[in-house]
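Please look at the sequence and the coordinates first.

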Amino acid sequence: MPDKGWFSFLFRGLLDVPEEGKSHIRYRILRRNMFILMGLVTFVPLLAMAVINFVQYQSALEKEILNPMRTIVSKTKHSFELFLAERLSAVSFITFAYSYEELADEKKLNQIFSVMKREFEGFIDLGLIDSNGIQVSYVGPYDLKSKSYDKQTWFHEVQIRGSYVSDVFMGYRDFPHIVMAVQRVSETGRTWIIRATVDTKKFESLISSMGLDSVTDAFLINGSGIFQTPSRFYGKVMQKFPFPVPPVSYEANVIELLDPQGREINLAYSHFIHSPYILILVKPRAEVMRSWYTLKGEMLFVFVGGVSIIFLVVFHLTKILVQRVQEAEEKREMAFREIEHTQKLSSIGRLAAGVAHEINNPLAIINEKAGLMKDIIEITPDFPNKARFLPQVDAIKKSVDRCRGITHRLLGFARRMEVHIELLDLNEVLQEVLGFLEKEAMHRNVNLDLKLVEDLPRIESDRGQLQQVFLNILNNAFAAVQNGGVVAVTTWDKDAESIAVSVQDNGCGMSQITLKHIFEPFFTTKKGYGTGLGLSITYGVVKKLGGDIDVESKEGEGTKFTVYLPKKSEYGEG
Amino acid sequence: MVGKKILLVDDEVEFVSTLAERLQLRGIDVMTAHNGEGALQIIDQDPPHLVVMDMMMPGMSGLETLRRIKLRYPKMRVILLTGHGCTKEGTDGLLLGAEECLMKPLEIDVLIKKLREEVRPSK
């Protein structure tokens with residue numbers, strides 16, 4: 001499975017943390033990689049889905065939105081054509097249903113016109129024009145009888161095509177209207193034309209029946225781009241349409257344009273088949289696509305919201321996870337260090353015990369030999385040179401005592417001394433220990449600042465070992481301070497389980513590196529005369545007594561040792 | 001103390017002989033042995049009032065010897081000596097019935113004081 005290998009490689013590459021390097025950088029890398037991985041795994045599918053949805057919705061919605069525009073344009077165009085066709089056929093009917101004579105009779109024409117006006121809305125006047133272009137008879141609000149039309153273009157056009165519908169024009173009637181004309185050629189070869197004018201108010205009502213909203217505009221233009229009906233935004237009747245005339249299409253068609261105000265618009269249009277008009281519907285694109293924009297906005301909101309939540313969650317999750325990992329590793333490392341330290345101590349302890357034992361035996365012999373020598377010197381009457389020998393023997397005995405002190409300390413370090421638990425007052429123990437140091441304090445003018453809390457509860461512990469601990473710590477404090485310095489000893493009742501003692505000096509303090517090693521055996525800063533065992537023994541003893549020890553130190557400012565001791569001993573009293 | 005016999009047991013011959021001489025100088029009757037077996041033999045032949053015995057000996061250890069002594073003479077008083085501190089073995093010795101566990105090198109005055117304490121209450 002090469003796939004799997006690749007996958008695990010990628011994973012390991014991202015989640016493996018270099019063992020070397022500073023730990024906080026390692027964790028930062030781990031966290032970054034986890035963040036990237038989790039982010040990608042969640043973000044990429046979301047992004048893909050969003051893009052697919054976006055594209056699909058866009059195409060579907062665009063169709064959905066533009067179709068109604070096409071439909072309404074088609075329908076309205078149809079209404080217009082119907083309107084025009086009805087009127088044209090009415091004119092045509094009149095032309096063919098009546099004879100020239102009947103139509104030339106103004107009374108008859110009036111009769112016909114009144115019926116026509118009743119049946120078909122919008123007719124203004126009606127007239128008969130002979131083949132020379134002279135108005136023979138006329139019914140309507142103007143005095144147009146005998147007017148000659150032979151110079152006008154529509155007159156020629158109707159003669160060619162048989163019927164004619166004009167563009168909208170104002171004419172001397174001074175309101176927008178159109179002219180319809182139909183020519184009849186009789187069997188005898190005589191030609192005449194019936195001409196009617198139609199008010200285009202009806203156009204406006206047809207447009208208003210489209211039910212447009214306030215931002216939408218609909219109007220008619222003619223083939224040369226002149227407004228045939230007023231436009232809401234782009235001009236009045238007879239003004240020039242501000243866009244290029246769209247290409248011929250008898251189907252409703254939608255194109256996108258920028259209007260003179262710079263708005264994006266959708267323009268739906270359709271040419272009329274039998275008349276020179278184009279119906280145009282203009283909708284601002286923003287309006288047309290509003291539902292799409294709303295949807296797009298919602299989609300964007302969901303997407304951005306989702307992504308933010310994902311990243312927020314991933315951010316915090318990785319933070320917590322990496323923190324946990326870091327904590328676990330730190331704990332493990334600490335446990336390792338503790339074990340290492342304990343092992344070091346115990347192996348050194350065994351070594352020390354072995355050495356002590358091996359030395360103690362010959363020491364015992366030396367001791368006994370010297371003792372015997374002393375006995376003999378003392379019991380022999382008038383021993384020669386007695387006065388010279390006795391000091392020698394005493395010196396040997398003193399040296400043996402010193403050696404014994406050393407081996408006993410070594411054994412003490414080996415923690416082979418028995419623990420004698422008793423109920424004791426720690427303040428008392430401290431006073432005893434301070435007794436040893438009073439002389440030095442006086443001599444060196446060191447200020448001992450005792451803050452021993454009075455009702456300190458008695459604790460179960462080993463008096464001898466505590467003496468050793470505090471003697472050691474106080475010795476160190478005294479060694480650290482200058483003459484005239486301060487050593488403060490404070491005791492307090494820490495909590496239900498333990499009490500605490502702090503020994504603070506204003507001496508030379510320790511560097512961070514020294515601080516790290518002070519509890520390690522054989523580590524010493526007293527070059528030449530320290531064994532480096534003092535604090536490691538102290539540490540071992542405090543730990544053995546179930547307590548804990550804490551050091552704070554700043555170079556040049558001083559050191560504070562705090563010893564915590566349990567009130568109840570795990571060894572039990574006795 | 002006169003008339004009381006003490007048995008000293010240690011593999012360190014010099015130690016035993018010197019200490020024996022010093023005790024004798026102080027009027028104490030001392031027998032010596034250099035290993036566990038020797039000690040047991042002496043005890044069988046001439047039971048002492050008190051045994052002072054090193055714990056670390058080649059062959060039969062001090063603790064084993066102590067066990068055997070206590071098996072045969074449950075009332076025999078034994079003081080253990082050790083080069084170590086009075087450690088786990090020391091505690092075991094006390095559990096086996098030893099009176100005391102003293103550390104080497106020892107002050108003869110301390111030893112004599114202990115001998116008095118151990119010997120006196122017996123009779």
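## Conventions

The model is predicted: local features need pLDDT of at least 70, side-chain atom pairs count only at pLDDT 80 or more, and totals for chains, interfaces and linings use all residues. Residues are numbered from 1 along each chain as its sequence is written, while chains are lettered from A and ligands numbered from 1 in the order in which they are written.

## Chain composition

Chain A contains 13 helices and 16 strands; helices (H or I, at least four residues) and strands (E, at least two) are DSSP runs, numbered from the N terminus. Of the 574 residues in chain A, 28% are buried. A residue is buried if 20 or more other C-beta atoms lie within 10 Å of its own, exposed if 12 or fewer, and partly exposed in between, with C-beta atoms placed from the backbone. Among the contacts in chain A with a separation of 6 or more, 59% are between residues 24 or more positions apart; a contact means that the C-beta atoms, placed from the backbone, lie within 7 Å.

Chain B has five helices and five strands, and its pattern along the sequence is β-α-β-α-β-α-β-α-β-α. Buried residues are 41% of its 123 residues. For chain B, residues 24 or more positions apart supply 55% of the contacts with a separation of 6 or more.

## Sheets of chain A

One open sheet of chain A has five strands in the order 2-1-5-4-3, with antiparallel pairing; two strands pair if DSSP finds at least two bridges between them. Axes here are lines fitted to C-alpha atoms, for helices over the stretch in contact, and angles run from 0 to 180 degrees between N-to-C directions. Within the sheet, nine bridges link strand 4 (residues 177-185) and strand 5 (residues 191-199) of chain A in the antiparallel sense, and Val182(A) stands opposite Ile194(A) in strand 5.

Another open sheet of chain A has four strands in the order 6-9-8-7, again with antiparallel pairing. Strand 6 (217-222) and strand 7 (253-258) of chain A are the edge strands, and the twist averages 30° from one strand to the next. Strand 6 is joined to strand 9 (residues 277-284) of chain A by six bridges, with Phe219(A) opposite Ile280(A).

Strand 10 (residues 421-424) and strand 12 of chain A run antiparallel and share four bridges. Ile421(A) has Asp462(A) in strand 12 as its bridge partner. Strand 12 (residues 459-462) of chain A is covered on both faces: Ile459(A) and Ser461(A) are buried on one side, Glu460(A) and Asp462(A) on the other.

Which residues of helix 6 of chain A are buried? In this helix (residues 201-208), they are Phe203(A), Leu206(A) and Ile207(A). They lie on the same side of helix 6 of chain A because they cover an arc of only 100° around the axis, the arc being that of the directions from the helix axis to the C-beta atoms. Ser205(A) and Ser208(A) are exposed on the other side of the helix.

## Nonpolar cores

A nonpolar core is a set of buried Ala, Val, Leu, Ile, Met, Phe, Trp, Tyr and Cys residues joined through C-beta atoms within 7 Å. The largest has 54 residues, and Met180(A), Ala181(A), Ile194(A), Leu279(A) and Ile280(A) have the most contacts inside it. Helix 2 (residues 23-97) of chain A gives the most to this core, with seven residues. Apart from this core lies another of 35 residues, including Leu50(B), Leu63(B), Met103(B) and Leu106(B).

Beyond its neighbours within four places in sequence, Ile194(A) contacts several residues, among them Val91(A), Ile94(A), Leu103(A) and Leu128(A).

## Strand 3 of chain B

Strand 3 (residues 50-54) of chain B has five of its five residues buried. Leu50(B), Val52(B) and Asp54(B) are on one side, and Val51(B) and Met53(B) on the other. This strand runs parallel to strand 1 (residues 5-9) of chain B, with four bridges, and Val9(B) stands opposite Met53(B). Strand 3 of chain B is also parallel to strand 4 (residues 77-82) of chain B, through five bridges; there Asp54(B) has Leu81(B) as its bridge partner.

## Contact between the chains

The contact takes 21 residues from chain A and 16 residues from chain B. On the side of chain A, helix 8 (290-379) and helix 9 (386-413) are the elements that give two or more residues, and helix 8 of chain A gives the most, with 15 residues. This side of chain A divides into ten nonpolar, five polar and six charged residues; Ala, Val, Leu, Ile, Met, Phe, Trp, Tyr, Cys and Pro count as nonpolar, Asp, Glu, Lys and Arg as charged, and the others, Gly among them, as polar.

Definitions and conventions:
Contact = placed C-beta atoms within 7 Å.
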